Amino acid sequence: MMPEATRRLRHPGTRNGCKRACRESRIRLPFSGSDCSSKWLMRYRPEIDGLRAVAVVPVILFHAGMDVFSGGYVGVDVFFVLSGYLISGIILDDLERGRFSLLRFYERRARRILPALFLTLAICCVLAWMWLLPRDMKDFSQSVAASALFVSNLLFLRESAYFDIESDLKPLLHTWSLSIEEQYYLLFPLLFGFLFRRFRGALLPAITGILLIGFIWSVWQSVASPQRAYFLLTTRAWELMGGVLAMLILTRHPPKVSPRLARFLALAGLILVIGAVFTFDEGTLFPGPFALIPVAGTMLVVIFATSDTGIGRALASGPLVLIGLISYSAYLFHQPMLAFLRYMSVDEPGLANRTLLVMAVFPLAWISWKYVETPFRGGQGIPTPAILGASVAGLCCFAILGGIGNQRDGYLRFDMTPDEAVMLHSLERSGLGDCADIRACLTPPPLSEDVLLIGDSNAFHFSAPLAEALARQDRRLISLTRGGCFPSDRARRHNRPDAVNEACRAHYRALFDYIRGDWPKPSTVLLSAAWASYFYGSDYFRGNPAQRTPYPDARVSLIDAEQVDDVFRRRTIRDEITALLTLLSQKFSHVCVVGPLPLLTNDFHGGVPALLAGIEGVSERDFLSETDELLQAFAAENLPPHVRVLFPHQRICRSGICETQRDGRYLYADSAHISDYGARSVFAEMFAGDPACLGAGDEE
């Protein structure tokens, strides 16, 4: 989202054309003067700033976790339309007057967006340096560079991998929309200039055609690839074109409607926008066909909500106009403020704290608008080359800074003692990674003495040192893991989209076909998964508020099983685990299973200060009590032949507490995964303590 400055747009036609348009139109359009005789046809419209307020407030409240604003994200789409409307009018005016210049256009863009953006990036960099853990600092550094290069939408599209920090903890996540707009404005002036020269009399049908093509593509991509549809310019450009279309309708083809109908259409447009805010949610197919609702609503308001309508007067009220004027800074500030608040809080910040933060956004935004945005936007006397040169230099500085943070893997602290630095480095992860294609991962074919590794991220988080240990025995660890997937071809994880769940089931269908088939197989298989998260979901540690699961709704259920209640669901999952172990025991001589891992209830929230102060582990008694039902699935009396189980808690928990660190180093990389140090110490000891589990016992 990047709201453009409300500008005076000069009429692209002649004075006679202006008068004729006024005579032919039966409504009073947003012209400067009822007789359309003014030099300025499209004057400053306070209702546009009011509409910005209607857009930015729901976005902020949505990101603040206010459930009633479940569709607040559509505010970004409103801004896309408004930006397309305002900027295209400026370009068309300059083209009509024969004075359009790309350099001047980009200078105006730089004056408008960069000062507040630079301020936001600078403050975020300081706070990130103070608080973020190295892995999160690395992610943040990438987002700084991507934001400065206006490609953050591509970065966040790529960051759908399992180990990425949660979206709510990404301070610069919201810059994806800023990147889309700047990518659009790299291309749009050239396209619009071409259409103006070649199809000057048919701009409206040309833009309409482009819009329709873009909309159809967006709908198709929203079904075929929702993530790409959400973050890419190709599926969002039609929304900005909606603003262009509204501008052309107003300036070239004023609608001939009665005042009553104009008032009705303005009201209908506002209802469409506000209705989407309160009725859409994260499950809505978006941007797809449903994006047409806020986009069409915004277009109706832009076209028909004039000063002669009640909607226009309401939007032009002082408070809404003021919020609209500061909306750009408010949008830039709110996500970093919320992200850092969540990052430094052990639990999700309460409603009161989030409300206070939202209230603080607007005075801070006013300060930025007053003392940063306005002076730079209105500054005169500075040559265009100087403005563009300073802009490029600033963007390059942030891009380089982000590149350094990424290159150093987020390790930018130079003020730590050696012991603190060791503790910080102990959070590093390792692993062989996921298997994208079963057949490719089985090439070359496994030998009998090799070990097959299956499961999710709780399998590959110890795989690297285990592979090294097996290699010393001339054995190979073949990883067929899939992060975030319960090992079943019938499961559905409740907090994952249908497409992701289907990909998980497809992976295990292919894996089970291999296991049941005649392909060469090793004699040993090793299985590990996030059993407790899948089994209990948000019920894990429900009775102990101090020890809650870090993964609400991570539970799984079987797609072909009747859902009676959660007790029945857990029983079906236990049966599915038993069925899996039975299959493995029939096809492999040695089946080694890693049992449930004690979870941290503080995912290192609080950042570097909390890390250095020490993260406490869960009580062993609480862990055993809360996971008792699950542990029964791995009890010796319930296991098929050839199956052995290793229990991490027997190595991690000492003196009644499941430890988080040893010798000044952390055993965990995050709340549910062990670190490389944990894999090389505790888990290495666990595997070495029972060599028969991995098929080595027969040789000793």
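A residue is classed as buried when its relative accessible area is under 20%. In the predicted model examined here, Glu373 has a relative accessible area of 1%, so this residue is buried. Arg112 has a relative accessibility of 4% and therefore counts as buried by the cut-off of under 20%. The side chains of Glu373 and Arg112 meet in a salt bridge, with an N to O distance of 2.5 Å. Because Glu373 belongs to helix α16 (residues 351-378) and Arg112 to helix α4, this pair ties together parts that lie 261 residues apart in sequence.

Helix α4 itself spans residues 102-131 and comprises 30 residues. The distance from its first C-alpha to its last is 41 Å, close to the 44 Å expected at 1.5 Å a residue. The helix is bent by about 40° at Leu114, and a proline, Pro115, follows within four residues. At the start of α4, a side-chain oxygen of Ser101 comes to within 3.3 Å of the backbone nitrogen of Leu103.

In total, the structure holds 32 salt bridges. One of them joins Arg45 to Glu47, with the closest N and O atoms 2.8 Å apart; both Arg45 and Glu47 are buried. Another links Glu239 with Arg236, where the closest N and O atoms are separated by 3.2 Å, and Glu239 and Arg236 are likewise buried. Salt bridges with shared partners also connect Asp93, Asp94, Arg97, Arg99 and Arg108 into one network.

Aromatic side chains contribute 31 pairs. The ring centres of Phe280 and Phe286 are 6.1 Å apart and the ring planes meet at 65°, so the pair is edge-to-face. Phe280, at 6% relative accessibility, counts as buried, as does Phe286 at 7%. For Phe535 and Tyr536, the centres are 4.9 Å apart and the planes lie at 80°, so this pair is also edge-to-face; Phe535 and Tyr536 are both buried. One aromatic cluster is formed by Phe100, Phe105, Tyr106, Tyr184, Tyr185, Phe188 and Phe192.

Charged side chains are also placed over aromatic rings. Arg413 lies over the face of Trp129, at 4.7 Å from the ring centre. Lys521 is positioned over the face of Tyr514, at 5.6 Å from the centre of the ring.

How values were computed. Residues are numbered from 1 along each chain as its sequence is written. This is a predicted model: local features need pLDDT of at least 70, side-chain atom pairs count only at pLDDT 80 or more; totals for chains, interfaces and linings use all residues. Side-chain values use heavy atoms; hydrogens and water are left out. Helices (H or I, at least four residues) and strands (E, at least two) are DSSP runs, numbered from the N terminus. The expected span of a helix is 1.5 Å times one less than its number of residues. The bend at a residue is the angle between axes fitted to the seven residues ending there and the seven starting there. A polar contact is a pair of N or O atoms within 3.5 Å; within protein, one must be able to donate a hydrogen and the other to accept it, and residues adjacent in sequence count only if both atoms are side-chain atoms. A salt bridge is a side-chain nitrogen of Lys or Arg within 4 Å of a carboxyl oxygen of Asp or Glu. Buried means under 20% relative accessible area, exposed over 50%, partly exposed in between (1.4 Å probe, protein chains only). Rings of Phe, Tyr and Trp (its six-membered ring) pair if their centres lie within 6.5 Å; planes under 30 degrees apart count as stacked, over 60 as edge-to-face and the rest as tilted. A charge sits over a ring if NZ of Lys or CZ of Arg is within 6 Å of the ring centre and within 35 degrees of the ring normal.
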